[in-house]
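Thanks, everyone. Let's get the structure up on the screen and walk through it.

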Amino acid sequence: MDYEALYEAIFHRRSVRKYDSAPLPDETIAELAEVIEKLIPLRPEIQTDIRILGPGDIRTNAPHCICVYSEKKEGHRMNAGFLAEQIDLYLSSKNIGACWLGTTKPDKNKVAAPAGMEWVISLCFGTPAQPMHREGAEQFNRKSLNEISSITDLFHVLEAVRLAPSAMNKQPWYFSGTAEDVVVSRKKSLLLGNLNQVDVGIALCCFFLAVKHQGKNAEFSFEPQTVPDKHIFMARAKVV
């Protein structure tokens with residue numbers, strides 16, 4: 001996996017909502033399948049199944065769709081977001097448009113969920129029929145760094161997190177602690193709670209890539225830590 005290419009894609013990625021109806025070449029889909037086999041999970045102990053579906057399997061205007069299934073365990077939605085964001089950024093780096101589908105499930109009469117697993121998130125993709133890359137960070141509509149973190153000496157890393165996509169562009173994550181010992185939480189939400197867990201996984205993927213770009217590693221753990229009021233603990237990251 002070319003992590004530097006994924007990192008660079010963060011700063012230009014755009015959600016694509018218009019597609020050429022023609023399917024991608026078979027070799028492109030085969031290469032994507034190989035990438036999926038090499039994804040790094042956030043929670044390796046959680047079993048997942050990532051499937052590439054066609055338009056007849058799910059309601060979308062794109063010719064292809066990724067669906068992430070997972071066994072239901074603590075952190076499984078966050079893990080799904082972490083995995084799928086790697087795919088999202090890979091597609092962007094290859095000039096293939098993609099868009100998150102937070103509530104669009106496969107047709108259950110055509111696609112059965114793997115035994116013991118549930119659908120978590122979808123990502124449609126294909127050849128874009130619109131501009132698919134932003135020219136720079138100024139074209140993103142996002143919160144400021146001060147709104148997503150109190151760790152000012154880590155802002156150079158967290159800029160990548162700031163640009164991460166999220167349901168309804170809410171950016172529910174918050175990074176507190178220190179530059180070496182980061183505590184990640186999310187705002188409480190009755191409406192978007194499940195999707196916000198996926199969102200935090202997306203943000204953690206961007207954080208993981210940004211730390212790698214700095215020549216370091218992020219080691220994640222999940223023992224609860226103190227978080228700001230009206231927030232829910234999600235993860236802890238040691239930067240080494």
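I'll cover a helix pair, a sheet and a pocket.

Keep in mind that this is a predicted model.

Helices first. Look at H1, residues 3–10, and H6, residues 193–213. They pack at an angle of about 115°. Their axes are 9 Å apart. The crossing is left-handed. Who makes the contact? On the H1 side we have Tyr-3, Glu-4, Leu-6, Tyr-7, Glu-8 and Ile-10. On the H6 side, Cys-206, Phe-208, Leu-209, Ala-210, Lys-212 and His-213. By class, that contact holds 8 nonpolar residues, 1 polar and 3 charged.

Now the sheet. It is open and has 4 strands, in the order S5-S6-S8-S7. The pairing is antiparallel. Which strands sit at the edges? Those are S5, 173–177, and S7, 218–221, each pairing on one side only. From one strand to the next, the twist averages 30°. Zoom in on S6, residues 181–187, and S8, residues 231–239: 7 bridges join them. For a landmark, find Val-182, which stands opposite Ala-237 in S8.

Last, the largest pocket. The lining counts 21 residues. Nearest the centre are Ser-15, Arg-17, Ser-166, Ala-167 and Met-168. Which elements give two or more residues to the lining? Strand S3, 97–101, and H6 do. H6 gives the largest share, 4 residues. By class, the lining splits into 9 nonpolar, 6 polar and 6 charged.

Key: Residues numbered from 1 in each chain as written. Predicted model: local features only at pLDDT ≥ 70, side-chain atom pairs only at ≥ 80, totals over all residues. Heavy atoms only, no water. Axes fitted to C-alpha atoms, helices over the stretch in contact; angles between N-to-C directions. Left-handed = near helix turned anticlockwise from the far one by under 90°. Contact = heavy atoms within 4.5 Å. Nonpolar A, V, L, I, M, F, W, Y, C, P; charged D, E, K, R; others polar. Pairing = 2+ DSSP bridges. 1 Å grid on protein atoms, 1.4 Å probe; cavity = no way out; pocket = protein on both sides within 12 Å on 5 of 7 lines; lining within 4 Å.
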